[in-house]
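Good morning, everyone. Please look at the structure on the screen, and I shall take its sheet and then its aromatic rings.

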Amino acid sequence: MSFSPNDFLSRTVKSIPPSGIRKFFDVAAEMEDAISLGVGEPDFITPWHIRDEGIYSLEKGKTHYTSNAGLKELRLAAASYLKRRFGLAYDGISQVLITVGGSEAIDLFLRAVIEPGDEVLIPEPSFVCYKPITRLAGGVPVTIQTKAENRFKLTPTELKAAITPKTKVLILPYPSNPTGGIMEKADLEAIAPIIEEANLMVLSDEIYGELTYGKKHISVAAIEGMKERTVLVSGFSKTYAMTGWRLGYACGHPDIIKAMTKIHQYAIMSAPTTAQYAAISALENGDSDIEYMRDEYNKRRNIIVDGFNSMGLECFEPEGAFYAFPCIKSTGMSSEQFCRELLYDRKVAVVPGSAFGESGEGFIRCSYAYSVENITKALERIEAFVHAGRKA
């Protein structure tokens, strides 16, 4: 009998498509003189005081496992940070878990609460990990198509229409990757009674919580009645330019955090020790770093939004994260076609909006976590590409 490893693969894993974010970036990486606005990674280097603390921990020989939940000092620092910056009160010992990036925290939460067949509501366009992780946990992803005319907010009407007796979890991915949309206090207060009535849990992905422009981020956990049923996920990658350190955290009810920690201790053991020591310095001494990087992103945001609007690609003003989500429907091309032809004709890599769900079709995602020079050059090339297409 012939042996085929492919025959042994899980049907669920086989059914999951690869991420649509990396495809064009990988081609651009092999292309001379290409400019990528495709990957959501800060172009800043991790601030020195954070790196220095990681280096110092190595010099002191702090190279062993930490507790499964993470360094006590880091968990306490995370609780203190959330209280100081967002007015959220968590017990650092029983309500905080340190994870390998925010993505692990999302995975742990869904595996901890989902039974086979449970439905998970996912507003789209949204980050690409939610649906695959839901499926891997045995759940059924149910997408809610948010609309550009609503600034990609989740509305009460949309939420109500998606709930069924099988619904167990609502994912709130705000500030949003890819749209830059946010949910303000009034928006959250409007959906909170619906969440309570349906007895849902909420996974609030707040990895971009510090990156809002003009309006301070409000967590759904700060809304009356929501804290007990919410698990807040965040991390250090975007706020402190610490993508390679792979560190995140989850905060929530002690029973949920305890269950997540149980999975974490078997699958991971503990998050990287060096990164944890560095993260303490980030939380305790990094407020000025946040302000500096946010100001820089804001300058780039204005440049990229103005650039798209001036070339005739309508782009609403993102209020969070570091992505612009211009509409390319006027070109007559699909998102995939636009991105493919732009890459090969003008050597600019962006991500098709369709990679983030059906409601992303007709849009492209462009990260402005790149230098002003690269953004400006990319806009010039995109404008030339669009104008050439219109003349044709």
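Seven strands form an open sheet of mixed pairing, in the order E2-E8-E7-E6-E5-E3-E4. Strands are DSSP runs of at least two residues, helices (H or I) of at least four, both numbered from the N terminus; two strands pair if DSSP finds at least two bridges between them. This is a predicted model, in which local features need pLDDT of at least 70 and side-chain atom pairs count only at pLDDT 80 or more, while totals for chains, interfaces and linings use all residues. Residues are numbered from 1 along each chain as its sequence is written, and side-chain values use heavy atoms, with hydrogens and water left out.

At the edges are strand E2 (96–99) and strand E4 (140–145), each pairing on one side only. Within the sheet, E6 and E7 are parallel and share four bridges; Val202 has Thr230 in E7 as its bridge partner.

Now to the rings. There are 16 aromatic pairs in the structure. Rings of Phe, Tyr and Trp (its six-membered ring) pair if their centres lie within 6.5 Å; planes under 30 degrees apart count as stacked, over 60 as edge-to-face and the rest as tilted. The ring centres of Tyr208 and Tyr323 are 5.7 Å apart and the planes are at 80°, so this pair is edge-to-face. Tyr208 lies in the loop between strand E6 (201–205) and strand E7 (230–235) and Tyr323 in strand E9 (residues 323–324), so the pair ties together parts that are 115 residues apart in sequence. Ring pairs also link Phe44, Tyr208, Tyr292, Tyr297, Phe322 and Tyr323 into a cluster.
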